[in-house]
Amino acid sequence: MPKTRIGFFGCGGIGSYHAERLKRLENVEIAGGTDTDSQRLKTFVDRFGGVPYRSLDEMLSAGRPDAVYATTPPFARGPEVAAIEKGIPVFFEKPVALTMSKAEELLRAVRSHGVVNSVGYMSRYMDLVDLAKEQISKGGPISMVQGEWIGSFHFPKGHWWVYKDKGGGQLIEQTTHAVDLARYLAGEANVVSAQIDNLVVNKFIDPDATAEDTSMVMLRFRSGAIGTITSSCVSQDSYAGWGVKVFAKDVVLDYSGSAKTLKVHRGNEVREVRSKMDPYFEEDRVFVEAVRTGNTDGIRSTFEDAARTLELTVAANGMSEKGHIVAQGTVER
Ligand SMILES: NC(=O)c1ccc[n+]([C@@H]2O[C@H](COP(=O)([O-])OP(=O)(O)OC[C@H]3O[C@@H](n4cnc5c(N)ncnc54)[C@H](O)[C@@H]3O)[C@@H](O)[C@H]2O)c1
């Protein structure tokens, strides 16, 4: 059976994380990669194999990979169009872009060329999330959803994450996982209001930081459920984590993405289920399978769907900038 050859656009942290997992699949070969940082590129190909290419275009034309992993930082999205236009499947890391106009440009290409695509919202592949969905279908309807991403600020000086125009800020770059999971569990939502600010980090830790350190977003789901999404990187390592809580008629679900646990509360009882599953491996396995067979049924996060998660976080940013509360009338019942 011929191997699926994968090329990496961006050979840093998450690129290496995926490459490690892809190497475990016997029908996959790393074709190489391209990165603006030549040292990182060398480290990557030394470790995973393949050819170091000078550009994405060179990788596409000379390397002719069967699929591309787009694992550059959020500000570098866009050049993947070249792969899509050649009919090459693309796995995108989240967020799919920093702006809706960039996301729509990529989405137009994805649609018109019909390439296999997937986005790195790995939690959708967790067995615990399947269990949460099952509990919701039996114990619904949902009244409230609470998503959060809390951590300490640990980025080195000059890191792209620190700049809003490079990473998008904590809500767009990090808490997007909680927003996406809230959508996956509770359906589509609109942003009702948002407050986003940088209150501590750029005053006391890194004066150059433009990414927010604190945000709160209120959502109204189309089902009528009400939601909040809370983010902070002004916390302590001993108080950090991310997850989504769902309050439904007969059950409360407390999913922790960081602890890989699901607590199912019913009456006075709580059942805690732990998982050892590696959702990154599963999303990689499913993507490769889709590339090989052309059957995309197993893909749980498409570019089109992930663009809707971006839309919510972008809307929250815009609403916060305008400083006003919008629309009671956004609920479609
Ligand atoms: N799904 C997850 O759990 C998860 C975890 C971490 C990061 N991510 C996402 O993955 C993406 C990358 O994050 P990371 O932590 O790996 O960042 P990183 O900085 O470790 O790696 C990014 C790499 O891209 C390279 N790069 C930057 N601009 C480039 C360009 N124009 N062309 C080619 N290479 C370029 C950098 O030199 C770097 O090696 C981000 O979008 C991030 O949100 C997702």
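Analyst: Exposure first: under 20% relative accessible area is buried, over 50% is exposed, and anything in between is partly exposed. Bear in mind that this is a predicted model.

User: Where does Lys263 lie?

Analyst: Lys263 is in strand 13, which spans residues 261-266.

User: And what is Lys263 in contact with, beyond its sequence neighbours?

Analyst: Setting aside residues within four places in sequence, Lys263 contacts Val252, Leu253 and Asp254, plus Val270, Arg271 and Glu272. Val273 is ten residues along the chain from Lys263, and their C-alpha atoms are 6.3 Å apart.

User: Switching to the ligand. Which residues come nearest?

Analyst: There are 25 residues around the ligand. Ile14, Asp35, Arg77, Glu173 and Tyr280 come nearest.

User: How much of the ligand does the protein bury?

Analyst: The protein buries 82% of the 840 Å² that the ligand exposes when taken alone.

User: Which pocket does the ligand sit in?

Analyst: The ligand sits in the largest pocket.

User: Backbone checks next. Where are the cis peptide bonds?

Analyst: One joins Lys94 and Pro95, with omega about -15°. Pro95 is in the loop between strand 5 (90-92) and helix 5 (100-113). Another runs from Gly140 to Pro141, with omega near 5°. Pro141 is in the loop that links helix 6 (127-139) and strand 7 (142-150).

User: Which residues have a positive phi without being glycine?

Analyst: Arg64 is one, with phi about 40°. Lys260 is another, at about 55°.

User: Where do they sit?

Analyst: Arg64 is in the loop between helix 3 (56-63) and strand 4 (67-70). Lys260 is in the loop between strand 12 (252-256) and strand 13 (261-266).

User: How do those two class for exposure?

Analyst: Arg64 has a relative accessible area of 63%, so it is exposed. Lys260 has 26%, so it is partly exposed.

User: Now helix 1. Which of its residues are buried?

Analyst: Helix 1 covers residues 13-23, and its buried residues are Gly15, Ser16, His18, Ala19, Arg21 and Leu22.

User: Why would residues three or four places apart point the same way?

Analyst: An α-helix has 3.6 residues a turn, so residues at that spacing point the same way.

User: What covers the buried residues of helix 1?

Analyst: The cover includes strand 1, strand 2 (28-34), strand 4 and strand 5. Helix 2 (38-48) and helix 11 (279-293) are also among the covering elements.

User: Last one: Thr4. Buried or exposed?

Analyst: Thr4 is at 5% relative accessibility, so it counts as buried. Thr4 belongs to strand 1, residues 4-9.

User: And what does Thr4 touch?

Analyst: Not counting residues up to four places away in sequence, Thr4 touches Asn27, Val28, Glu29 and Asp66, along with Val288, Val291 and Arg292.

Terms used. Residues are numbered from 1 along each chain as its sequence is written. This is a predicted model: local features need pLDDT of at least 70, side-chain atom pairs count only at pLDDT 80 or more; totals for chains, interfaces and linings use all residues. Side-chain values use heavy atoms; hydrogens and water are left out. Helices (H or I, at least four residues) and strands (E, at least two) are DSSP runs, numbered from the N terminus. Buried means under 20% relative accessible area, exposed over 50%, partly exposed in between (1.4 Å probe, protein chains only). Contact means heavy atoms within 4.5 Å. A residue is near a molecule or strand if one of its heavy atoms lies within 4 Å of it. Accessible areas come from the Shrake-Rupley method with a 1.4 Å probe; for residues, only the protein chains shown count as cover. On a 1 Å grid over the protein atoms alone, a cavity is a set of points where a 1.4 Å probe fits but cannot get out, and a pocket is an open set with protein on both sides within 12 Å along at least five of seven lines; lining residues have an atom within 4 Å of a point. A molecule sits in a cavity or pocket if more than half of its atoms lie within 2 Å of its grid points.
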